[in-house]
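Please read them with the structure open.

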Amino acid sequence: MRGRTGVVLRALPWFLILLAIAIVQVVRGQVFDVVLFGLGAVAIAADALGVLPEPRRVPSIPGSVLIAGAGVLAVLLILSPRHGLAEGAAVAAVGLVALPLAWLPRARRTTASEPHGPDDEAVVRRIRIRRAAIAWSVVVVAMCLVELTSFILGRMPMGADGEYPAISDLLDPLLDGWPGRLCFIVGWLALGGLLLRMWRRRDA
Amino acid sequence: MRDATIFVYSLCVVAFALLTLGGHRPGLRLGTLTELLDAALAERAPRIALVLFWWWLGWHFLVGQTVDPSVLG
C-alpha cells in the first residue's frame, strides 16, 4: 500500500508497541520511562501523519569513528560506578547522538543487498524476509507475554518471593560484577552500532 | 515456578539463536537477521522504535531503576 495511508498503516504497529511499553512503565511508576516511550509514540504518529517537516539526510560518519567512539564509551561505562552520575552522563550522550541519527532519513539504496536482479529474485527475497519477520515476531511476542505475565504475577502476593522473575530481576545481579557489565556494555554498544550502521551503509 | 519461568526465557533465547542460524540455511527459505533488520530499518517508525528501545535497555540496566521494589512484599 502506497501513499500516506500506507505510511500510517506501516507505522501503526510500532506506535502501538511504544504505547504499550509506556503503559507498562506507568504501572512501574517510572515517570522518565513513561515520558520517553510516550514521546517516541507521539513522534512516530506525528511523522506518519506528515505533521513534522522532513529532516535532511543523515551525515556520513566513517565506521572507524563509530568504532573508536564506542571503544571510548565502553571504557568509560565499565569504569564508572553503576547507577552513578558519570554512567548516566555517558548513556545520555549515546542517546543524544543515536536518537537524532535514527530520525534522519536513509540515503537512497544503491548496493548489492537491494534486489537488482529479475523480478522473481526480488519476490523470493521478499518472501524470505516476510517469513523471517513472522518467525522473529512470534518469538519476540512470546517472550514479551512471558515477561508481562511475570511482571503482573510478581506484583501479586503469590509472586512476592521472586517466584515469577522478570528479565530485569535475573540480569540485575549479573551486572553488579565487572564480567557481566563488560559483556552487557560491549553487547549493548555493538547492537547500537549495528542498528546505526544498517541504514547508513548505503549512503551515496 | 521460578525455574519454569527461567526455562521459558531460555527457550526464547534458544529460539532466537535457531532463527539466526536458520537464516543462513538456504533450504529453510528464511531471511537472515541482517536482511530483516535491513528491511525494517528502511522506514523511520521501526527505526525510531528499535533505537529508542535499544537505548532504553542501556539506561534501564546501567543508570535507571533496574529492579522494582516489591509492591506487596
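1. A salt bridge here is a side-chain nitrogen of Lys or Arg within 4 Å of a carboxyl oxygen of Asp or Glu. The model is a predicted one. In it, A:Arg10 and B:Glu43 form such a salt bridge, with the closest N and O atoms 2.5 Å apart. This pair runs between chains: A:Arg10 sits in helix 1 of chain A, and B:Glu43 lies in the loop between helix 2 (33-40) and helix 3 of chain B.

2. Side chains of opposite charge can pair when their charged atoms come close. Over all chains, the rule gives eight salt bridges. Four salt bridges are found across the interface of chain A and chain B. The side chains of A:Arg128 and B:Glu35 also meet in a salt bridge, at 3.1 Å from N to O. As for polar contacts, 24 residue pairs are counted between chain A and chain B, both residues being at pLDDT 80 or more.

3. Which helices of chain A supply at least two residues each to the side that touches chain B? They are helix 1 (3-28), helix 2, helix 4 (85-103), helix 5 (119-153), helix 6 (167-171) and helix 7 (178-198). Helix 5 of chain A gives the largest share of that side, 15 residues. By type, the residues of the side of chain A that touches chain B are 47 nonpolar, 11 polar and 19 charged.

4. On the extent of the interface, 77 residues of chain A are in contact with 56 residues of chain B. About 6400 Å² is buried between the two chains, and carbon and sulfur atoms give 69% of that area.

5. One helix pair spans the two chains. The axes of helix 2 (residues 31-48) of chain A and helix 3 (residues 44-62) of chain B come within 10 Å and cross at roughly 170°. Angles over 145 degrees count as roughly antiparallel, and these two helices are therefore roughly antiparallel to each other. Residues making the contact include A:Phe32, A:Leu36, A:Phe37 and A:Ile44 from helix 2 of chain A, and B:Ile48, B:Leu52, B:Trp55 and B:Trp59 from helix 3 of chain B. The residues of this contact divide into 12 nonpolar, one polar and three charged.

6. Within chain A, the axes of helix 1 and helix 2 come within 8 Å and cross at roughly 170°. Helix 1 of chain A is therefore roughly antiparallel to helix 2 of chain A. Their contact is made up of 16 nonpolar, three polar and four charged residues.

Definitions and conventions
Residues are numbered from 1 along each chain as its sequence is written. Chains are lettered from A and ligands numbered from 1 in the order in which they are written. This is a predicted model: local features need pLDDT of at least 70, side-chain atom pairs count only at pLDDT 80 or more; totals for chains, interfaces and linings use all residues. Side-chain values use heavy atoms; hydrogens and water are left out. Axes are lines fitted to C-alpha atoms, for helices over the stretch in contact, and angles run from 0 to 180 degrees between N-to-C directions. Helices (H or I, at least four residues) and strands (E, at least two) are DSSP runs, numbered from the N terminus. Angles under 35 degrees count as roughly parallel, over 145 as roughly antiparallel, 65 to 115 as roughly perpendicular and the rest as oblique. Contact means heavy atoms within 4.5 Å. Ala, Val, Leu, Ile, Met, Phe, Trp, Tyr, Cys and Pro count as nonpolar, Asp, Glu, Lys and Arg as charged, and the others, Gly among them, as polar. Buried area is the accessible area (1.4 Å probe) that two parts lose on being put together, summed over both. A polar contact is a pair of N or O atoms within 3.5 Å; within protein, one must be able to donate a hydrogen and the other to accept it, and residues adjacent in sequence count only if both atoms are side-chain atoms.
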